[in-house]
Amino acid sequence: MEKIEKTYNAKSGGSLNVLSEFGAIEIQTAEQNKVEVVITKKSKSELAADVEKMLADFELAFEHDDSGVHIRGTFKHGLKHWQKQLKFANIHFLITVPQQYNIDLNTTRSDISVTNLTGDVRVSTSDGSLCFTSITGEVWAHTSGGSVEAVNVTGDVQARTSGGSLRFGAIQGFISGRTSGGSIKAVDCSGGTNLRTSGGRIWLGGIGRNVTARTSGGSIQATMATQPQSECSLRTSGGAITCTLTPDVAVDLEAKTSGGRVSTDFAVESIIHGKAPKNRLEGRINGGGPLLKLRTSGGNIHLQKAAD
């Protein structure tokens, strides 16, 4: 195993930039005016000759200026040259920064985690999972082949993945989340949501303000903790919708399904002339308010009243 260690003086509010062709990145913070970098390179294979060559081929460049610390990791022969060896190698960046710092990270085929940071976070990986915990600032996250988890974030979160699930907890800013191949779960998020998945279920608990959620391949279960401030929409092409609202919520309801029926615990002042069909319900709840749209092509819709 090879270990590279670097220490740089740093000021709060600076930035860390890591651009690496390979390697997991772990960011932690401490009450200090410096950036500490520990990078380990090791083989996971008993037949390590080719893997050791690959690790030796991985070069690191460091730069330190008034803006912060910049790290670049590249293979002299290129990433594609070592495709067969990558799964037998481990490159890990453990970087400790001041608690107030900005982060910009980019790697491939590896995970990224950031914990206990005050600052904006921007990360990308082509095939790994992303995890953010206790962040005061905005978070932008993209992965092509893993899950994204963000917990206890004071700021907006924008997350994208093509091959994994999205999980959000205790987010105080607005959430924008997209996935093509997984489920979405958001709990105790007060800043509003815009969520979409093409291949999974959506579960929302204790959501505040405004909600937009859409899936093409699963059910939607949503609990809204507060009065909506503007139009909300829940849509699915392949499942049921259950939406729980506070007893005093005031909305204009528009609920339709092509493959089931609509039911509600609320008294609805219907605007449909004549007898309302079983698969459609439109009207005002508690005098009316922002529009609440519920749509499904393949299941029932139930609007239920939360316990007092």
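Predicted model: local features only at pLDDT ≥ 70, side-chain atom pairs only at ≥ 80, totals over all residues.
Biologist: What percentage of the 308 residues in the chain is buried?

Modeller: The chain exposes about 14100 Å², and carbon and sulfur atoms supply 43% of that area. A residue is called buried when its relative accessible area is under 20%, and among the 308 residues of the chain the buried share is 45%.

Biologist: Is threonine 29 buried or exposed?

Modeller: Threonine 29 sits in strand β3, which covers residues 24-30. Beyond its neighbours within four places in sequence, threonine 29 is in contact with Thr96, Val97, Pro98, Gln99, Thr115, Asn116 and Leu117. Because its relative accessible area is 16%, threonine 29 is classed as buried.

Biologist: How far from the backbone oxygen of asparagine 116 is a polar atom of the side chain of threonine 29?

Modeller: Asparagine 116 is among the residues in contact with threonine 29. The separation between the backbone oxygen of asparagine 116 and a polar atom of the threonine 29 side chain is 2.7 Å.

Biologist: Why does threonine 179 count as buried?

Modeller: Threonine 179 is placed in strand β16, residues 175-179. Not counting residues up to four places away in sequence, threonine 179 touches Thr161, Gly164, Leu166, Ile184, Arg196, Thr197 and Ser198. Threonine 179 counts as buried because its relative accessibility is 4%.

Biologist: Which residues is threonine 133 in contact with, leaving aside its neighbours within four places in sequence?

Modeller: Threonine 133 is found in strand β11, residues 130-136, and at 28% relative accessibility it counts as partly exposed. Valine 37 is 96 residues from threonine 133 in sequence, and the two are 20 Å apart in space, C-alpha to C-alpha. With the neighbours within four places left aside, the contacts of threonine 133 are Val114, Thr115, Asn116 and Val151.

Biologist: Which residue lies over the face of tryptophan 203?

Modeller: Tryptophan 140 has arginine 122 over its face, at 4.1 Å from the ring centre. In the case of tryptophan 203, the residue over the face is at 5.1 Å from the ring centre and is lysine 185.

Biologist: How far apart in space are alanine 49 and lysine 185?

Modeller: Alanine 49 lies in helix α1, residues 49-57, and is exposed, with a relative accessible area of 55%. In sequence, alanine 49 and lysine 185 are 136 residues apart, while their distance in space, C-alpha to C-alpha, is 44 Å.

Biologist: What is the phi of asparagine 152?

Modeller: Asparagine 152 is in strand β13, residues 148-154, and is partly exposed, with a relative accessible area of 35%. Aspartate 188, in the loop between β17 (184-187) and β18 (193-197), has a positive phi of about 55° although it is not a glycine. Asparagine 152 likewise has a positive phi in a residue other than glycine, with a value near 60°.

Biologist: What distance separates the C-alpha atoms of glutamate 269 and glycine 287?

Modeller: Glutamate 269 is in strand β26, residues 268-270, and counts as partly exposed at 44% relative accessibility. Leaving out residues up to four places away in sequence, glutamate 269 touches Glu282, Gly283 and Arg284. Glycine 287 is 18 residues from glutamate 269 along the chain, and their C-alpha atoms are separated by 8.0 Å.

How values were computed: Residues numbered from 1 in each chain as written. Heavy atoms only, no water. Helix = DSSP H or I, 4+ residues; strand = E, 2+ residues; numbered from the N terminus. Buried < 20%, exposed > 50% of the residue type's maximum accessible area, 1.4 Å probe, protein only. Polar contact = N/O pair within 3.5 Å; in protein donor to acceptor, adjacent residues only side chain to side chain. Contact = heavy atoms within 4.5 Å. Lys NZ or Arg CZ within 6 Å of the ring centre and 35° of its normal. Areas by Shrake-Rupley, 256 points an atom, 1.4 Å probe, with all protein chains shown as cover.
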